[in-house]
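I opened this notebook to record what I looked up around the ligand and among a few packed helices. The entries follow the order in which I went through them.

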Amino acid sequence: MRYEKNDQVELTISDIGAKGEGIGKIDGYTVFVKDAVLGDEVRVKLMKAKKQYAYGKLEEVISPSSFRVIPKCSIAKQCGGCQLQFMDYAQQLIYKENKVKQHFIRIGKFEEAQIDQVLEPIIGMEEPYHYRNKAQFPIGTNKEGHLIAGFYAERTHHIVENTNCLLGVGENETILKTILAFMEEFSISAYDEVNNTGLVRHVLIRKGFTTGEIMVCLVLNGRKIKHEEELTKRLGKIQGVCSISLNENKEVTNVIMGSHTTCIWGTPYIEDYIGSIKFQISPQSFYQVNPVQTKVLYELALEYAQLTGNETVWDLYCGIGTISLFLSQKAKQVYGVEIVPQAIEDAKNNAKINHIENATFYVGKAEEVLPKQYEENGIYADVIVVDPPRKGCDAVCLDTMLTMAPKRIVYVSCDSATLARDAAYLCEGGYHIEKITPVDQFGHTVHCETVVLLSQQVADDYI
Ligand code: SAH
């Protein structure tokens with residue numbers, strides 16, 4: 001049977017897609033249904049019908065899945081930031097663990113029995129809400145002319161009003177309400193991106209979970225804000241706020257922050273700890289957004305590295321050196337490589353404030369720095385740790401790793417599809433997988449981190 005636009009069909013959701021959408025089949029024909037949960041029986045109207053697949057609009061949940069829950073957040077559907085809030089958290093974890101497994105089987109072409117032997121249960125969060133230490137709220141004006149803060153609805157620049165995102169910290173709401181009231185009182189405008197007029201574009205808030213320190217940064221279409229002292233007086237009274245700054249962004253752009261930031265009250269950065277390592281975080285620093293699970297993830301990476309104090313370790317794609325500094329506590333020497341110069345500045349500073357002297361950092365592409373160091377300086381590695389962006393490792397980088405032949409490779413990844421591809425390549429080059437552990441860092445979203453231990457030794461050697 002051929003399906004066409006506007007056809008109504010009934011189907012059972014049997015899978016979840018990369019963006020959290022439900023996937024069901026009718027006579028082998030695939031239908032993608034947003035907001036449908038695994039196990040739902042649904043009635044769907046086909047909005048776009050192609051030869052092999054269609055996109056359907058959820059018309060009715062005929063029989064809800066046993067995994068379906070009422071989202072805690074009342075605007076979960078409009079906002080779209082949480083793709084999985086309609087699914088029970090325990091089931092979200094099963095879904096993520098299975099996704100990692102399927103990637104190793106389908107993309108990595110590993111045997112299912114082999115993966116079953118090395119795949120550890122996913123490590124979920126104890127508290128899957130209020131886990132984000134950073135939020136960036138766009139400021140705008142609603143139809144009635146009132147100032148609002150919220151989030152852009154998926155794929156739009158329409159602001160869904162929300163000052164209390166349940167993934168973020170409770171203080172966000174107090175801070176945003178204080179800023180909006182201040183703006184109303186002193187007639188300070190929100191930025192209007194259509195006409196490129198108005199002043200306040202975004203409010204960035206970050207909190208150090210272990211220190212309680214909070215940073216507020218207003219991103220302005222300009223350099224200054226009227227009645228600045230009154231603003232800092234009001235914000236400064238909020239418990240935890242210790243850094244207030246203004247960032248200037250006059251460009252017509254989707255990039256949130258401009259390059260110029262001025263601290264107008266308190267310190268120019270806040271501090272936080274992951275484990276025993278201290279980090280200084282300024283408005284533009286990169287910093288992991290879920291510090292609790294980051295600690296879990298990096299402790300696992302450290303455990304997999306099996307350091308005794310004599311090892312030379314390379315940490316590729318090292319960002320601000322979070323993993324490098326973790327490893328340096330147990331290694332002889334750590335070398336970090338990262339493409340963003342500012343991140344390396346932060347990494348060096350973080351090493352300094354923690355009195356860590358056995359970590360050296362290089363700015364550059366991993367696929368260029370590593371081969372160059374290997375060819376020119378004959379560098380050596382007992383262990384290589386990688387934590388690349390979604391696209392995974394560059395082939396040149398993987399080849400150099402194989403040539404350097406470290407005893408162990410610890411692969412940390414935010415995309416299990418490219419991870420499975422790269423792991424297969426490393427296995428062809430003489431390694432084998434000893435452990436795979438998914439770690440949920442981003443509850444209610446489709447994202448999942450994974451740590452893999454690849455080793456040259458026989459599998460029985462480890463634990
Ligand atoms: N482990 C880091 C974060 C890694 S995220 C931390 O916890 O801080 C991936 C990092 O890889 C990003 O910082 C990104 O800037 C960097 N990156 C992207 N492409 C790169 C490349 N070709 N070579 C080196 N670093 C790269």
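Which polar backbone atom lies 2.8 Å from a nitrogen atom of the ligand? I found that the backbone atom belongs to Ala-366, where a polar contact is a pair of N or O atoms within 3.5 Å. I note that this is a predicted model, in which local features need pLDDT of at least 70 and side-chain atom pairs count only at pLDDT 80 or more, while totals for chains, interfaces and linings use all residues. Residues are numbered from 1 along each chain as its sequence is written, and side-chain values use heavy atoms, with hydrogens and water left out.

Helix H7 (322-328) and helix H9 (366-377) are the elements that give two or more residues to the shell; helices are DSSP runs of H or I with at least four residues, numbered from the N terminus.

I counted 18 residues around the ligand, and the closest are Gln-288, Tyr-298, Glu-338, Ala-366 and Asp-387 (a residue is near if one of its heavy atoms lies within 4 Å). By class, the shell holds 10 nonpolar, four polar and four charged residues.

**Helix entry, H10 and H11.** I next turned to helix H10 (residues 395-404) and helix H11 (residues 416-428), whose axes come within 10 Å and cross at roughly 35 degrees; axes are lines fitted to C-alpha atoms over the stretch in contact, with angles from 0 to 180 degrees between N-to-C directions. On the H10 side I listed Leu-398, Asp-399, Met-401 and Leu-402, and on the H11 side Asp-422, Tyr-425 and Leu-426, contact meaning heavy atoms within 4.5 Å. This contact has five nonpolar, no polar and two charged residues.

**Helix entry, H2 and H11.** I found that helix H2 (residues 89-106) also packs with H11, at about 35 degrees and with the axes 8 Å apart. Here Lys-99, Val-100, His-103 and Phe-104 of H2 meet Ser-416, Ala-417, Leu-419, Ala-420 and Ala-423 of H11, and the classes are six nonpolar, two polar and one charged.

Terms used: Polar contact = N/O pair within 3.5 Å; in protein donor to acceptor, adjacent residues only side chain to side chain. Nonpolar A, V, L, I, M, F, W, Y, C, P; charged D, E, K, R; others polar.
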